[in-house]
Amino acid sequence: MNAIAAAGVELTYSDGTRAVRGVDLEVPEGEFFGFLGPNGAGKTTAIKTLTTLLHPTAGSVTVNGFDVVEEPRSVRASIGYMAQETSIDEELTARENVRFACEAYGVPRSERADRIDELLDLVDLADVADKRSEGFSGGMQKRLDVAMALVHRPPLVFLDEPTTGLDPKARIDLWEYFREINRQGTTVFLTTQYLEEADQLCDRLSVIQDGEIVATDSPETLKSRVGGDVLEITIEDASDEERERARRIAAESGLFEEGAIETTEDGISVTSKAARRSGTDLLVALRDAGFTVVGFDVRSPTLDDVFLAITGEPADDDGEDGEAAGTGDDAAELEASR
Ligand SMILES: Nc1ncnc2c1ncn2[C@@H]1O[C@H](COP(=O)(O)OP(=O)(O)OP(=O)(O)O)[C@@H](O)[C@H]1O
């Protein structure tokens, strides 16, 4: 069975913003599925629609076999949801927070103590179980949030940008817990703006841009669409003419038969399978043509490169930033939907 099945889902806010436009989605049970997109792409709106916090303006969604509009209570009882904003009470200890979540989700009293220990252990907070969560680092708070989302052993858990704002170490730690949850059989639906996160964790992912899914595939396949690594070269005197001259030299060098060669703000970029192999040859060709190269970098494709390759446009070309508008009305949305 599919854990999530969405067809033609639209979500238009009351001010007319079409945040989700015709999303079709199927997530089989057991999958680690990602929703990848830049700020304001519609990830949070989509996740709130799947978790019953917002009503779709059109289309249909079933989650664990329940219709999100007809059977919202059954949907909620069968999912865990870790929102972007933490749901922990800083006045309470880690254990008290998880106990509170057990009460909220109706975990039978006799099972609570064991469940709390098991979950605090899973997210490595057993040692600080009886400390007030006030002093917890961002990463510890997120881990506690994860534990609280899992108290009722949901077969499906939604994680909305769970590692945004964390340092790299805390992020990598969290990934391990997410993997473990998935290994134990829980379907995971994760939204993220980080390609690396999606790459590390997801079996499959959809790329969302301006409310529409523009690609769905495994991370490997998506990255391969970029067509190789990205070589970035910075030149001294990066006037329009000089950047264009450098671009032509790269294009005519014969070093990169397949791939894209473009001017950038301060030089050129080459996206090609041969980027690593032939990068130094290009440096020599540029030097011979009188250029002074002041920067040189070969890197794996990033989210922006995937976006560029898939859509032909940089990820945030339209300059939209949904963060402020996206978080301001959460309480009202929750109220309205209950
Ligand atoms: N309550 C709201 N009312 C009107 N427009 C909204 C509301 N919430 C979000 N939007 C708009 O809907 C679009 C999608 O926003 P959403 O928060 O879903 O994106 P996101 O991909 O989750 O971004 P972020 O990474 O910033 O959370 C944006 O254009 C945003 O400005």
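These legends describe several views of one predicted protein model.

**Figure 1. The whole protein in overview.** Residues are numbered from 1 along each chain as its sequence is written. In this predicted model, local features need pLDDT of at least 70, side-chain atom pairs count only at pLDDT 80 or more, and totals for chains, interfaces and linings use all residues. The C-alpha trace spans about 75 × 45 × 35 Å along its principal axes. The secondary structure comes to 13 helices and 14 strands. Helices (H or I, at least four residues) and strands (E, at least two) are DSSP runs, numbered from the N terminus. Of the 338 residues, 41% count as buried. A residue is buried if 20 or more other C-beta atoms lie within 10 Å of its own, exposed if 12 or fewer, and partly exposed in between, with C-beta atoms placed from the backbone. Among contacts with a separation of 6 or more, 68% join residues 24 or more positions apart. Two residues are in contact if their C-beta atoms, placed from the backbone, lie within 7 Å.

**Figure 2. Confidence along the chain.** The mean pLDDT is 88, and 91% of the residues reach 70 or more. pLDDT is the predictor's confidence in each residue, from 0 to 100. Over residues 317–338 the pLDDT is below 50. That stretch has 18 contacts in the model beyond near neighbours in sequence. Where pLDDT is low, the predicted coordinates should not be read in detail. The model scores ipTM 0.97 and pTM 0.77.

Figure 3. An unreviewed UniProt entry lists residues 4–235 as "domain: ABC transporter". UniProt positions are given in the numbering used here, feature names are shortened, and annotations may be inferred rather than shown by experiment. Over residues 4–235 the chain is 35% helix and 29% strand. The end C-alpha atoms of this range are 49 Å apart.

**Figure 4. Helix 5 and its surroundings.** Helix 5 covers residues 138–149, 12 residues in total. From first C-alpha to last it reaches 17 Å, close to the 16 Å expected at 1.5 Å a residue. The expected span is 1.5 Å times one less than the number of residues. Because 10 of its 12 residues are buried, helix 5 is largely enclosed by the rest of the structure. Among the buried ones are Met140, Arg143, Asp145 and Ala149. The buried residues pack against strand 6 (79–82), helix 3 (94–104), helix 4 (109–122), strand 7 (156–160) and helix 6 (168–183).

**Figure 5. The nonpolar cores.** A nonpolar core is a set of buried Ala, Val, Leu, Ile, Met, Phe, Trp, Tyr and Cys residues joined through C-beta atoms within 7 Å. The largest core has 68 residues; Leu50, Val98, Ala147, Val157, Phe158 and Val188 touch the most other members. Helix 5 supplies the largest share of this core, six residues. A second, separate core of 15 residues includes Ile235, Ala250, Leu255 and Phe256. Leaving out residues up to four places away in sequence, Leu50 touches Ile4, Ala6, Val61, Val63, Val68 and Phe158.

Figure 6. Four strands form an open sheet in the order 2-1-4-5, with antiparallel pairing. Strand 2 (18–28) and strand 5 (66–67) stand at the edges with a single partner strand each, so one side of each is left without a neighbour in the sheet. Two strands pair if DSSP finds at least two bridges between them. Strands 1 and 2 pair over seven bridges. Ile4 has Val27 in strand 2 as its bridge partner. Gly8 lies in strand 1 (residues 2–12). With 13 other C-beta atoms within 10 Å, Gly8 is partly exposed. Beyond neighbours within four places in sequence, Gly8 contacts Gly22, Asp24, Ala58 and Gly59. The C-alpha atoms of Gly8 and Gln141 are separated by 36 Å.

Figure 7. Strand 6 pairs with strand 7 in the parallel sense over four bridges. Leu156 in strand 7 is the bridge partner of Ile79. Thr187 lies in strand 8 (residues 187–192). Thr187 counts as buried, with 23 C-beta neighbours inside 10 Å. Its contacts, not counting residues up to four places away in sequence, include Ala3, Val27, Pro155 and Leu156. The C-alpha atoms of Thr187 and Val157 are 6.3 Å apart, although 30 residues separate them along the chain.
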